[in-house]
Amino acid sequence: MTTIKEQLLEYVQQPDYRPLRANALAKKIGVTKKKIGEFEEALAEAVASGDLRITETERIQGKPKKGSYLGILRRIKSGAGFVIMHDPKPTDFEGDVFVEEADMKDAQSGDEVLIQLNNRRRGGGTRCGFVVDVVERATNIFVGTYMVEQDAGWVYIDGKDFSEPVWVGDPGAKGALEGDKVVIEMIRFPSKGEVGEGVLTKVLGARGAEGVETQLIIHQFAIPDEFPDAVLDEARIEAENFNEAIVGEREDLTKLNIVTIDPKTARDFDDAISLERTSDRHWHLGVHIADVSHFVQPGSALDREAELRGTSVYLPTKVIPMLPEVISNGLASLQEKKVRYTMSAFIEFTMEGIPINTRFSRSAIKVNKRFAYEEVLPIIEEKDEAKVKHIPEKVRKLLHDMQELARILRKRRFVKGALELEMPEVRLDLDPIGNVSGAHEEEHDESHEIIEEFMLAANIAVATELNDRGHNFLRRTHASPNEAKLKSLAEFATILGYPIKSVQSRKDLQNMLNQVKGQPEQQSLNYAFLRSLKQAEYSPEEIGHYALAEEQYCHFTSPIRRYPDLLIHRLMASIVCDNDAYKSPSYEELLRIGRNCSNHARRAEKAERELTKIKLLSYLEERIGEQMEAVITGVDRYGFFCRGILIPAEGLVHISTIPGNDHYEFDRAQMALVGRGTGELYRLGDKVKVQVSHVDVDQRELNFKLVEHQSRPKTAIKKPPSGQPDRGSKPGGKRPKPGNKGPASKRSPSSPKKNKPKGNQRPKKS
């Protein structure tokens with residue numbers, strides 16, 4: 001009699017098997033409800049042994065056959081692409097595998113593919129291969145511009161991954177008009193010589209119309225927007241049953257001096273702070289977090305929807321909350337002068353900032369005063385007497401004490417080896433209908449650092465408590481970086497004149513970051529450093545957090561907007577209340593939830609970046625010919641990229657458009673374009689004045705024309721003795737090579753009629 005594990009492996013290893021999620025796979029092999037636990041154990045064993053793997057989208061895959069490798073495809077504009085291979089990979093080389101367009105089949109960017117290597121090599125020794133099979137699609141949903149040609153509907157997919165339009169059938173489906181932005185589901189993916197086929201599922205409206213760009217991103221990234229009726233009904237019932245006058249068995253902290261400090265535009269407030277100092281000079285910090293677990297019970301419709309979403313999504317034009325607003329902006333929001341339920345972490349520190357005692361409780365608080373970040377430092381520094389005198393003395397003292405303790409904790413963190421990477425956040429200034437009117441860098445001052453230190457302290461305290469008690473829980477992990485990537489970073493930093501003594505030393509890495517702060521190369525080097533690090537994840541694995549230099553860390557402080565925090569709150573409630581109803585999911589279930597939450601957090605970040613890019617391009621599309629100050633952020637053999645100082649859009653100045661008759665070569669040793677005749681250098685960090693010359697919102701493309709160059713002294717960047725011009729290499733970051741060698745094309749940038757296929761390439765439908 002075959003075991004469930006044998007059945008599982010036999011089914012997955014069939015030649016025509018396509019990756020399935022665990023529940024679907026269990027049904028396929030006939031697992032009954034009574035044996036689902038046995039199936040989960042068998043699956044976990046097979047994954048641990050390497051016979052099976054679980055993808056980021058929770059699908060089960062078998063082990064590749066000998067000589068075949070799995071990886072993620074990234075296509076380039078030429079139609080070819082590179083495959084970033086998973087482990088295990090061949091031992092005789094490092095890097096990505098190049099795949100010619102003819103060897104691509106119908107694979108698209110982001111797809112997981114099975115490849116084999118061939119004997120060809122590109123310049124520099126890059127190995128080549130071919131796609132054997134598309135194992136899993138990145139997505140089947142796409143957005144684009146609708147057109148009618150030859151009595152048929154066609155959609156030009158946004159972005160640069162599809163050079164030809166996709167056939168969608170009869171013209172005017174779902175009332176689509178020429179030029180409308182639409183959503184399609186791909187039925188047959190395009191391949192070389194074959195046009196793709198899709199079905200039009202939704203018409204979003206005319207490009208540029210109010211709200212269309214936001215809806216475009218929501219559909220492109222498949223972000224759940226509307227809440228089901230059952231979820232809204234549960235939220236309303238929770239609101240009806242909530243009575244702030246009833247504290248019950250909770251620890252009553254409503255008389256405590258408590259404040260919140262949040263962004264001026266914040267809509268939900270999930271963390272509050274209290275701080276006292278006793279006669280022994282010890283600090284007693286209270287971090288009070290909205291007790292969302294009180295309103296969202298395990299297995300409820302609210303809980304299932306929160307797990308499905310994983311996180312709130314903060315788009316420039318819209319917040320898509322994880323929980324209905326009656327909870328996220330109401331019941332669980334720590335509003336001023338309102339009694340709210342919280343989970344409190346109390347941490348006692350010595351006067352040197354060493355934690356010596358912690359305790360936790362389910363509590364009720366009443367916030368004395370709500371502050372915006374911008375208000376805090378002027379009060380602490382007493383810069384505005386008129387404003388300061390209206391703040392009660394006990395609140396002013398609390399803010400002063402918070403600043404003092406935060407400075408102590410921050411200093412201890414960096415001595416311990418924590419890393420801090422300064423990446424200023426850019427915020428768009430939007431008019432009432434969501435169009436860009438400008439942009440600004442969000443200020444990150446000491447008031448932000450105060451709250452950050454206290455949130456970190458609470459997260460560490462909670463993770464340490466759960467670990468000491470032997471619980472499985474969803475940690476926030478950050479694995480140590482790959483040594484090869486750190487060595488590449490060190491080479492890049494040395495080229496820019498900031499050598500790193502030892503890439504294994506956090507202290508040396510932080511010294512490099514400190515040295516480049518405020519310098520022209522700061523942005524480029526910071527991005528290179530970020531790319532050398534692995535991504536943080538949610539996982540029950542005990543691997544620590546590299547950037548924070550902490551062995552125990554989890555997310556506890558934002559349960560309104562992050563599902564992992566809600567799970568941590570439930571586990572803490574089981575400890576505080578001695579209630580097994582809140583016990584943690586199994587280790588295998590935590591692995592699954594962690595993967596899901598990690599993926600959704602990344603999806604939210606990508607969606608925010610993509611909508612920001614669209615908004616900026618739409619803004620610049622109306623400003624062709626205008627000039628702006630910018631900084632060079634990337635240099636390559638075909639030109640340089642620069643980013644606007646006031647408007648943070650990044651575009652390309654192609655090498656062929658640089659004024660004058662000089663011939664420019666890429667010198668990797670200086671990260672510069674060097675004029676052969678004049679010796680003119682265009683380097684990372686140089687300031688330039690550029691003119692907006694071409695914008696294509698649909699293809700996410702921006703080209704600049706150089707107007708003025710503020711060069712720096714040639715000694716500003718130290719050239720290594722062995723450095724030689726490299727006309728074929730690329731700088732630290734990968735950037736797409738534009739298809740045209742000259743300036744922007746002369747067609748209207750807003751016209752969707754681009755890259756049209758020849759008539760005989762379109763499929764004929766009877």
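Threonine 145 has tyrosine 156 of strand 10 as its bridge partner. Strands here are DSSP runs of E, at least two residues long, numbered from the N terminus. This is a predicted model, in which local features need pLDDT of at least 70, side-chain atom pairs count only at pLDDT 80 or more, and totals for chains, interfaces and linings use all residues. Residues are numbered from 1 along each chain as its sequence is written, and side-chain values use heavy atoms, with hydrogens and water left out.

Strand 9 (residues 141–149) runs antiparallel to strand 10, joined by 6 bridges. Pairing requires at least two DSSP bridges between the strands. The two form a hairpin with 2 residues between them. Glutamine 150, in the turn, has a positive phi of about 50°. Strand 10 also pairs with strand 11 (residues 166–169), antiparallel, over 3 bridges. There, glycine 153 is partnered with glycine 169.

## Burial of strand 10

Ala152, Trp154 and Tyr156 lie on one side. Gly153, Val155 and Ile157 lie on the other.

## The 30-31-32 sheet

An open sheet holds 3 strands in the order 30-31-32, with antiparallel pairing. Strand 30 (664–667) and strand 32 (681–683) each have a single partner strand, so one side of each lacks a neighbour in the sheet.

Strand 30 meets strand 31 (residues 672–675) through 4 bridges. Tyrosine 664 has glycine 675 as its bridge partner in strand 31.

Conventions:
Buried < 20%, exposed > 50% of the residue type's maximum accessible area, 1.4 Å probe, protein only.
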